[in-house]
Every structure is written in structure tokens, then in C-alpha cells.
Amino acid sequence: MSKQEKRLFDYTKLIKDVQKKSSKSQEMLSVNLECTAAHISNVKRQKSTFSVDKTLQLLNENDYCIDDYVTEESAVNENLKPEDKERFQGLDSDLRVALVNLVMDTVKVSRRKEEDPYLDLDHEWRKQKIAERIRRLRIEKNVSVETMCKNLNVKKTTYQNIENGSNGTTIENYVRIASVLQIPVSLLMSDVVKNKDTLIDYELNQLFSEVNFREKKKLEEMIDSLIAVISNYLE
């Protein structure tokens with residue numbers, strides 16, 4: 001990695017968090033990751049990086065959110081204001097997921113839209129599924145291949161190989177891709193990361209921003225009914 005190049009993913013913080021939580025020495029961590037302790041030292045000193053697989057292993061084994069280790073403030077973080085996150089902080093992840101589903105179902109019924117099938121990602125097809133999501137989101141957001149290449153500083157053929165799933169890429173490049181598309185990194189990797197806290201907040205914010213007055217009233221009625229049911233149950 002060039003000295004002038006700004007690191008977009010904080011591997012050092014991730015390693016420190018993992019070691020603090022697990023009380024593992026660097027040697028024990030190297031055994032777990034099947035790499036040398038010297039390599040971990042180089043990563044901590046920003047002289048090297050981990051592969052996508054090793055990064056995901058550390059995140060998932062410790063239930064960490066990938067977006068918490070992105071060092072660059074993206075358009076998503078700027079748009080997702082503190083009050084947007086605080087709005088749902090009283091709810092744990094499971095309840096926020098339920099709220100996402102509730103809002104989505106209400107809006108879909110109201111607009112009579114068909115629900116998109118959920119893609120259950122097998123590890124073997126990780127690159128392909130992430131590639132499909134990158135391509136779909138890029139087209140939806142009307143971002144050209146040329147713009148992606150410029151921001152990733154790669155040749156067109158290299159980027160096309162990422163987008164068609166022929167080649168994977170680094171966490172750093174996934175961060176760059178997410179930044180250009182103005183989405184959380186966890187949206188690109190929603191099927192391969194365990195902690196989806198930022199993604200849930202992002203989806204809730206996006207959903208509520210699109211709810212019209214009629215749908216809002218319907219949601220209020222449903223929530224009031226839900227509260228009444230729970231209150232009666234607890235009496």
C-alpha cells in the first residue's frame with residue numbers, strides 16, 4: 001500500500017478490538033487466522049492488509065459491524081444523522097429487523113408490489129453475489145462503469161471482472177465502491193456479515209423517508225394495535 005494512499009478500513013482497530021474482547025495473544029490470533037504473527041504485526045502497522053475472508057472471519061466471530069471500521073466519512077454517514085440512529089437505539093437488533101419488515105410489508109401491501117426474493121449466500125458464491133449486488137445498485141443509481149473505475153483507480157477490465165464475479169477484490173475497494181454508491185458497506189455484504197446494525201439503521205431511514213401520509217397513518221394504527229395486544233397480554 002502506498003504511503004500516500006489513505007487507508008479506508010481500520011484493520012488496526014479491528015485487531016485491537018478482537019484481542020481486547022477475546023484476550024487472545026497475537027500468536028493465538030495468528031493460529032486462528034492461519035497466518036503468521038509477523039503478518040498481523042504488519043497489518044497493525046499499516047504495512048499490509050487482511051484478505052476479505054480473514055476480515056470477515058474477525059468481524060463475524062466477534063459480531064462486529066463492518067461499517068464501524070470504515071475510516072472515511074462517506075455520503076451515507078453524512079446522510080444518516082445521529083438523530084436517525086438514536087431514533088431506533090432503544091430497540092435491539094432483532095426488534096429493528098422486525099420493524100424493517102413491518103414497514104416494508106405495510107408499504108408493499110399498500111402499493112401492491114411483489115417482494116424481491118431473498119438471496120441466501122453460500123460462501124463459495126460470495127464473490128458472485130456481491131458482484132451481482134454491486135452491478136444492480138450501480139445501475140439503479142445511474143453510476144457509470146467509468147466513474148467506478150476512476151474512484152477505484154483501476155482499469156475497466158479489472159472493474160468489470162469484479163462486477164461480473166470473475167474476481168473478488170479487497171475490503172478497501174469494497175469500501176470505495178460503497179462510498180461511490182452512497183450505501184453502507186454492509187449493504188454490499190449483507191449476506192456475509194453477521195452484524196447488520198448500520199444496515200438496519202440505513203434501511204429504516206430509507207423506508208421512513210419514502211412512507212407517504214396514508215401509509216404513515218396505517219403504520220400508526222398497526223403500532224397502536226400492537227401496543228394494545230401486548231398490554232392486554234401482560235395484564
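## Aromatic cluster

Rings of Phe, Tyr and Trp, the last taken by its six-membered ring, pair if their centres lie within 6.5 Å. In this predicted model, Phe 9, Tyr 11, Phe 50, Tyr 64 and Tyr 69 form one aromatic cluster. The count of aromatic pairs comes to four.

One of the pairs is Phe 9 with Tyr 69, whose ring centres are 6.2 Å apart and whose planes stand at 45°, so the pair is tilted. Phe 9 lies in the segment before helix H1 (11-22), whereas Tyr 69 lies in the loop between helix H4 (52-61) and helix H5 (75-79), so the pair ties together parts that are 60 residues apart in sequence. Both Phe 9 and Tyr 69 are buried. Tyr 69 also forms an aromatic pair with Tyr 64, at 6.0 Å centre to centre and 55° between the planes, and this pair is likewise tilted. Tyr 64 is buried, as is Tyr 69.

## Packing of helices H9 and H10

Two packed helices are described by the angle between their axes and the distance between the axes. Helix H9 covers residues 145-152 and helix H10 covers residues 156-163; the two pack at an angle of about 105°, with their axes 9 Å apart. Angles of 65 to 115 degrees count as roughly perpendicular, and H9 and H10 are therefore roughly perpendicular to each other.

On the H9 side, the contact is made by Val 145, Glu 146, Met 148, Cys 149 and Leu 152. Lys 156, Tyr 159 and Ile 162 contribute from H10. Sorted by class, the contact of H9 with H10 has six nonpolar residues, two charged residues and no polar ones.

## Salt bridges within helices

The count of salt bridges comes to six. Among them is the bridge between the side chains of Asp 17 and Lys 13, with an N to O distance of 3.1 Å. Both residues, Asp 17 and Lys 13, lie in helix H1, four residues apart, which is about one turn of the helix. Asp 17 is partly exposed, with a relative accessible area of 22%, and Lys 13 is partly exposed, with a relative accessible area of 35%.

In helix H8, Glu 140 and Arg 136 are also four residues apart, about one turn of the helix. Their side chains meet in a salt bridge at 3.3 Å, N to O. Glu 140 has a relative accessible area of 54% and is exposed, while Arg 136, at 43% relative accessibility, counts as partly exposed.

Arg 135 forms a salt bridge with Glu 163, with the closest N and O atoms 3.3 Å apart. Arg 135 lies in helix H8 (residues 126-140) and Glu 163 in helix H10, so the pair ties together parts that are 28 residues apart in sequence. Arg 135 is partly exposed, with a relative accessible area of 43%, whereas Glu 163 is buried, with a relative accessible area of 9%.

This pair belongs to a network of salt bridges that links Arg 135, Arg 138 and Glu 163.

Technical notes: Residues numbered from 1 in each chain as written. Predicted model: local features only at pLDDT ≥ 70, side-chain atom pairs only at ≥ 80, totals over all residues. Heavy atoms only, no water. Phe/Tyr/Trp six-rings, centres within 6.5 Å; stacked < 30°, edge-to-face > 60°. Buried < 20%, exposed > 50% of the residue type's maximum accessible area, 1.4 Å probe, protein only. Axes fitted to C-alpha atoms, helices over the stretch in contact; angles between N-to-C directions. Parallel < 35°, antiparallel > 145°, perpendicular 65-115°, else oblique. Contact = heavy atoms within 4.5 Å. Nonpolar A, V, L, I, M, F, W, Y, C, P; charged D, E, K, R; others polar. Salt bridge = Lys/Arg side-chain N within 4 Å of Asp/Glu carboxyl O.
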